[in-house]
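Have a look around first, then read on.

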Amino acid sequence: MQKKYLMTPGPTPVPAEVLLTQSAPMIHHRTPDFSATLMGAVAGLKYVFQTEGDVLVMACSGTGVMEASISNCFCAGDTIIVTRNGKFGDRMKQLAEVYGLNVVDLSYEWTQVVSPADVAAALEANPDARGVVVTQSETSSGVLNDVKAIGEIVAGYPDCVFIVDSITGIGAVECKTDAWNLDVVMTGSQKGLMLPPGLAACTVSEKAWRAYERSTLPKYYFDWKKYKKSLDKDTTPFTPAVSLIIGLAKALEMIRDEGIENTIARHSRLAEATRRGCEALGMKLFAPPEGRGSAVTPVWVPEGVDGKAIVKIMKEKHGVTIAGGQDDYVGRIFRVGHLGYFGDFDIIITLSALEMTLAELGYEFDRGAGIVAAQTVFMGE
Ligand SMILES: *Cc1c(COP(=O)(O)O)cnc(C)c1O
């Protein structure tokens with residue numbers, strides 16, 4: 001037997017309390033019992049999204065709500081500004097293009113942060129833009145983009161909605177939907193919500209509803225209005241993912257018990273320990289100091305070390321699953337996820353397995369230094 005540790009930025013580990021709720025016998029969804037659970041989950045989502053506005057829940061992975069954000073807010077030919085500094089920004093651009101939008105492409109290196117000044121300039125150059133898209137926490141690069149600053153800029157344009165992919169941001173980093181003027185904020189179940197994959201949620205502001213009203217793009221399963229109308233009657237338009245919603249209610253109860261500010265502080269501590277641990281081993285962090293998120297820590301593979309072997313040995317020999325790099329960074333970086341149900345000792349275990357793996361691959365470093373660095377963070381020294 002080998003004990004396993006899932007240290008990826010999605011799927012993430014599911015707490016036993018949540019798993020147990022999901023193993024109860026199936027209930028019917030058109031019942032007062034299920035309605036109460038659903039509305040409890042929606043209230044919990046409003047708490048984590050920090051919004052008084054609407055939150056819609058759909059049975060799909062994160063990409064489903066990303067697609068819905070396009071099909072519900074725009075018309076073919078609309079101009080939107082898509083910022084991208086990683087794989088998920090690229091995906092939003094592809095989605096916008098599939099729906100025939102005119103994309104103003106603000107593209108960056110994966111190691112760069114999206115510049116709010118560039119967004120302001122793009123809006124001035126394209127005053128007819130109907131939307132701005134930003135990935136708050138770019139999972140492919142670990143970069144954290146400043147959606148608060150960009151929200152202030154977009155708020156000056158009454159016909160332009162601000163769409164934020166916070167799929168690995170929610171529950172890991174601060175994301176104040178209402179206070180920061182974020183019109184559509186998205187997340188997925190298999191990330192900070194500590195659930196299996198299969199559920200996604202998004203917020204819809206008043207401004208976003210106005211965009212919805214003029215939008216002519218085709219939509220049916222992902223038509224926001226259908227979800228809103230049903231939610232007003234404490235239900236869902238189609239058969240919901242019953243077990244996942246029951247699990248969601250439980251997971252959100254756990255986040256409420258911890259308190260969202262504490263949840264975010266815990267993630268920030270885990271991220272800091274991971275960063276310091278990897279640096280103490282002589283490795284370089286991928287994301288720039290001005291924009292490092294707390295969901296995932298990508299690290300450059302040291303010179304002369306086989307990056308794919310790090311991931312493989314960690315998993316096969318030590319039972320610790322981390323993520324490799326994506327696209328151009330396959331084999332060049334590895335990524336440690338610490339998003340959701342994680343505590344200090346998950347990081348100690350991961351750094352320990354990492355040290356053993358690096359030693360096995362012939363990399364020279366001060367044995368134990370990574371663990372000591374992480375302990376130093378956890379002890380507040
Ligand atoms: C995981 C993720 C998504 C959605 O991916 P799915 O595989 O469809 O769940 C989108 N954006 C970001 C930043 C993500 O991390």
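A polar contact here is a pair of N or O atoms within 3.5 Å; within protein, one must be able to donate a hydrogen and the other to accept it, and residues adjacent in sequence count only if both atoms are side-chain atoms. With that in hand, look at Thr139: one of its polar side-chain atoms sits 2.4 Å from an oxygen atom of the ligand. Gly62 uses its backbone instead, with an N or O atom 2.9 Å from an oxygen atom of the ligand. The ligand on its own has 380 Å² of accessible area, and the protein covers 88% of that (areas come from the Shrake-Rupley method with a 1.4 Å probe; for residues, only the protein chains shown count as cover).

A quick word on what you're seeing: this is a predicted model, where local features need pLDDT of at least 70, side-chain atom pairs count only at pLDDT 80 or more, and totals for chains, interfaces and linings use all residues. Residues are numbered from 1 along each chain as its sequence is written, and side-chain values use heavy atoms, with hydrogens and water left out.

Now zoom out a bit. How many residues surround the ligand? There are 14, and the closest are Ser61, Thr63, Thr139, Asp165 and Lys191 (a residue is near a molecule if one of its heavy atoms lies within 4 Å of it). Eight members of this shell are polar, three are nonpolar and three are charged; Ala, Val, Leu, Ile, Met, Phe, Trp, Tyr, Cys and Pro count as nonpolar, Asp, Glu, Lys and Arg as charged, and the others, Gly among them, as polar. Helices α3 (62–73) and α4 (87–98) each supply at least two shell residues, and α3 gives the most, with three. Helices (H or I, at least four residues) and strands (E, at least two) are DSSP runs, numbered from the N terminus.

The chain is assigned domain 1 (5–11 + 259–378) and domain 2 (16–257), with bounds from an automatic or database domain assignment. Their C-alpha centres lie 28 Å apart. Across the boundary, 29 residues of domain 1 are in contact with 32 residues of domain 2, contact meaning heavy atoms within 4.5 Å.
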